[in-house]
Every structure is written in C-alpha cells, then in structure tokens.
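Student: I am new to this structure and would like to go through it with you, one question at a time. Could we begin with how it is divided and then move on to its contacts?

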Amino acid sequence: MILGMDIWVFTAWVGTILAAVLCLFYGIYQWYTKKSNEKNLSERKNDKSRKKGVN
Amino acid sequence: MEDVIFFTIFMVLFAAMFTFLGYLGYKKTKTAEDYFVAGRKMGAVVIAFSYGATFISAVALIGFSGIASIYGNSILWLAFLNIFVGILIAFIFYGFRTRKMGLSLKALTLPELLGNRFNSTRLQSVSGLIIAIFMVAYTSAVFLAIASLFQVTFGISYELCVVVFTVVVGIYLIVGGLYAVMWTHAVQGILMLVGMLILTIGIYAMLGGIGPAHEAAAGLTPEILESISSPAATQAPSGLTSMPPIFSQPFMMILTLIFGVGLGVLAQPQLITRYLTAKNEKALRMAIPYGGIFILLMTFTAFSIGPLCNVLMVNNGLMYPGTPDKVVPLIVSELFPQWFVFLFLFAVLAAAMSTASALFHTAGTSIGRDVFEKGVLKGISHEKSIKITRIATIVIIAATLVISLNPLDVVAFMSAFFFGLMANTFLAPYTLMLYWKKTSKAGAWAGMLGGFLFTMFWYILIYFKSAPQIIGSSMIDNYLINMLDPIFIGLPLSFLLTYAFSVLIKQNKDEQKTMKKSFENI
C-alpha cells in the first residue's frame, strides 16, 4: 500500500497529477517557445534595419 | 424560511449577473459567426474554463463522487483519462485541426463541418437532428438532478426550481449567444473551483491529511460498511482504495464508466464548438494548461473524496443515504458550516447551468442552422440565420422544460448514455475526416449510421442497465458481455465501416474539391 492505496489505484492517482503537470509543462513550453520566437524575430528586424542604415 | 430567503437573494444576484453578461453578449453579436462561435475571438483562459465547465456537469461533481463512494478510488482512472484524453489528446490531436478545417470550410458547428467536408447538406441535417434529440434529454436530466438537490435542501417545489433555472439560462443564452455562454462559463468555473477546493481540503483536513484519510478508507471492512448500509460493502470487494478483482462485476462497472466517458469526450459536439471559438492556434495551445488544472481540481477531487465520505459517515454516526447522488450533499449539509452549504449548492448549480447552457446552444444551433437553415431554408441572410437559431433555441428550451416537468424513465436512459452514443456516432467520421484525405461521403454515412444503430441496438437489447428497463431482460446473460460499454465494439465498428466504405465508394470530383479546400491550412 502506498499512501493507503494499492499499486493500481496509486498509479491512477499519480498518473492524474502527472497528466495535469504535463499540461502545465506544455503551456510553459509553448510560452517560452513563443517568447524566444518573438525575440528572434525582433533581433532579425533590428539586424535588417541596422544593415539598411549602414548601406 | 431563512434558507428560502438566502436562496432567493443568491438566485436573484446570480440571474442579474448572468443577464448582464447576456446583454454584453447581445451588444457584441452582429453576425452569425458571433452568435455561433463567439466571433472566433476567444482567448485561452475563457476557452479553457468554458470547455471545462461544459465538460463537468453537476452529474460529474455529485453523481460521480457518489459512484466513487460505492466502487472506491479505482474510478480515479477516469480522472486520469479526463485530463490525458479529455484535454491533452483532445486539444493537440483534434482541437488544432478542427479549428483550421472549420476556418477553411467556414463551418460553425460539428454537423456543418461534416456536411461541408463531405459536400452533403443531408449529412449535416441528419447529424444535427441526432444531436438535438439526445441533447434535449441530456439537458433535462441535468436540470432534474439539480432541481431535486435544491428541493431537498431548501424545500422549494421541484417545478419552481426547474422553471427558474431554465428561464435564467434561457434568457442569457438567447439574448447573448455564445459570447454570453462562454463569459458566464468563466464565472461559473471559478465558483466550481472554489467550491470543490474547499470541499476537498475540508474533507482531507477532517481525516488528518492524505495518507491517514486513505488508510482510514482502506481500513473499512465490509462489516463496518454494512453497518452504515453502504453499497461499498459488496461493490468494493478489495476495499475502497484497491482495484476490484479483474473481470468481477465491480471491475466491469468501472471499466465501462472509465472508457465510456473517458473516450467519449473526444466527440462531444458541445465541446468541439469550443475549438472553433479560438482567436488563433496559440489560444488553443495555451488553453491546455488551464484546462488540465481545471479538470484536475474538478474530477480528481470529486473522485478522491467519494470513498472518504464512507469514513466520515462511520465516524459521525451517519447512515448511507438511499442513492449515491445524495452522499456528498449529505456530508456537506451535516459536517460543513452553513455558509459553505450555500457556496457548495451554488457551485453545483453553476456546474449544472454551464453544462445546460452549452447543451441548449448546441442543440439550438443543430436544429436552427443544421436542420432548418441548411436543410430546409437555403441561402438566407446572417440576420435571419441568427433569428431562426434563436427561435429553435426557444423551442429546445421549451421541450426541455416540458420533459423536466414530466420526467420519463427513457430520459434518464438517453442522458446516461449520451457520451457513448455521440462517440460511437461521430468519432470515427470526425477523426478520419481530419486525418485521412481519402475519407468519402459514403464512408462518413456508413460510420455514423453504423455506430449510431449499433449503440441503440446494444442499449435496447443487451446493456445490463437499460435492456431490463426496455425489454424486460438483457438478451445475453453473461455479465462480461452485457456490462460492456458499447464503445468497446461500436467505436471499432464505426471506424471499420468508415474506412471500408471510403475504400469501396470513393470520393467523386465535388468531394475531392472540398477535401482539397478543407486541407488548405493544415
């Protein structure tokens, strides 16, 4: 028995929490990916405008 | 009397807030797209709360925690599927593609998506009709449950409760369309979250924390459970915190519940509509974490506390109430302070209202847009389209009211199996149309009708709960078969029929054209 539950029930108990954590990590991953994409985009834009300025 | 005054004040506040949101929705509703899919402008948080509040009804909160008080914590596998399948798989494998295909095909409902993808208005109308008929029964069962709960708690007549709840939901839905429905869902979702959180923390605190609470539940012998007349004495043979022996009757019951509801969620028209409301793909992606946490705090908590209610009844000298639906209300009314009794009741009411409003909206659009506008009155303006759907929604609400005031056994039967029926009817054509370009109109018809007819046949002639009510007894005596949810056979059959008929009767030129159009953005 783990935390008063047999192995199958405990697996379901932990599995449910892990599934929710997975959803959370998915959101965090999406948020960071979006942030870094935006950062890359703005850096590229800055590079382009700098090059235009030099030319 | 004091209770009735509190109820009236809370109900008036509730109704005023939702009517105000309905008015805001009305101001924003200019086009058919606004009314049907909230202008495709919804953000992540509102989508997640609306999806969760539609998914989790009062039946899930008090009904399933009551079922957990009989069969024990093994029902937690359903909570796992609710998040893993109901959120992760649903959004990642269905949500993104549904939204993109919906945009390409200008579809505002699931039947319209099917109809436009396969170039068949008849397919759209028949799907809409199936959805509307069974949704009316499902919605009336939701009202039946919540009105009974309020009748028992406040002593207000059942008829008055049904009329008040239906009118409140009807007003903000008809006036404000899906904007009002989704905004009210956000408010109702917060109330549900607060109610379930306090209930769960309170119950675990009363029993000394997670470990001691589960150990106390595990320590309840059949004799102790028998002493409070709990059905768990016979239905949880290995204990409340252990899985029942494989292929025993309780095991089959849990298996049926877990897969019937756990997989059925993927093809619920009222949930699929939420994908179509997203303002962009990012909103859908970001709805996943909010949705996951929301469902965790709803079903995981409800299914965890169910078995613990037996411990509380034993410790406090309470007897198991007649039906499992009354277990959590009994614990709340006997062991929690009065302010929480009100909060909990309104949280359950919020759960019922949110599910009912989504069902009314989907059923109304199914009849108004899918059956009448596309099947009967073709090529009408946006304004007329909204008007027809509003009239159809009023008809649906009136039908639900009549059925709720005169409840029939068949209603409970139709509503209890709504999830399974929708899954067996729509999941195969819906999945294959999203992922397999060669899916043809003939395949979609075969999968849809094959799944629907098989499910009806199974429920009427075989299934252990429904067959005895309809034909006297199940045609198959073996419980390993008659306790099996039709999803185990109906879903593979529906997939097979969709595939086989798509191979046998291939797409014609018109279908190929719409197929290419539907995959434009994917």
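Tutor: Chain B is divided into domain 1 (2-416) and domain 2 (417-522). Please keep in mind that this is a predicted model.

Student: How far apart do the C-alpha centres of domain 1 of chain B and domain 2 of chain B lie?

Tutor: The two domains of chain B are in contact, with 40 residues taken from domain 1 and 36 residues from domain 2. As for their C-alpha centres, the distance between them is 24 Å.

Student: Which element supplies the largest share of the side of domain 1 of chain B that touches domain 2 of chain B?

Tutor: The elements of chain B that give two or more residues to this side are H5, helix H6 (110-117), helix H7 (121-154), helix H12 (249-264) and helix H18 (409-416). By class, this side of domain 1 of chain B has 24 nonpolar, 12 polar and 4 charged residues. The largest share, 9 residues, comes from H12(B).

Student: Which residues does B:Val348 touch, not counting residues up to four places away in sequence?

Tutor: Leaving out residues up to four places away in sequence, B:Val348 touches B:Ala58, B:Leu61, B:Ile62, B:Ile146 and B:Leu149.

Student: What percentage of the residues in chain A is buried?

Tutor: The secondary structure of chain A comes to 1 helix and 0 strands. A residue counts as buried if 20 or more other C-beta atoms lie within 10 Å of its own. Of the 55 residues in chain A, the buried ones make up 18%.

Student: Which element gives the largest share of the side of chain B that touches chain A?

Tutor: In this contact, 29 residues of chain B meet 20 residues of chain A. Helix H5 (76-105), helix H9 (210-218) and helix H14 (281-315) of chain B each supply at least two residues of the side that touches chain A, and by class that side has 18 nonpolar, 8 polar and 3 charged residues. The largest share, 10 residues, comes from H14(B).

Definitions and conventions. Residues are numbered from 1 along each chain as its sequence is written. Chains are lettered from A and ligands numbered from 1 in the order in which they are written. This is a predicted model: local features need pLDDT of at least 70, side-chain atom pairs count only at pLDDT 80 or more; totals for chains, interfaces and linings use all residues. Two residues are in contact if their C-beta atoms, placed from the backbone, lie within 7 Å. Helices (H or I, at least four residues) and strands (E, at least two) are DSSP runs, numbered from the N terminus. Ala, Val, Leu, Ile, Met, Phe, Trp, Tyr, Cys and Pro count as nonpolar, Asp, Glu, Lys and Arg as charged, and the others, Gly among them, as polar. A residue is buried if 20 or more other C-beta atoms lie within 10 Å of its own, exposed if 12 or fewer, and partly exposed in between; C-beta atoms are placed from the backbone. Domain bounds come from an automatic or database domain assignment.
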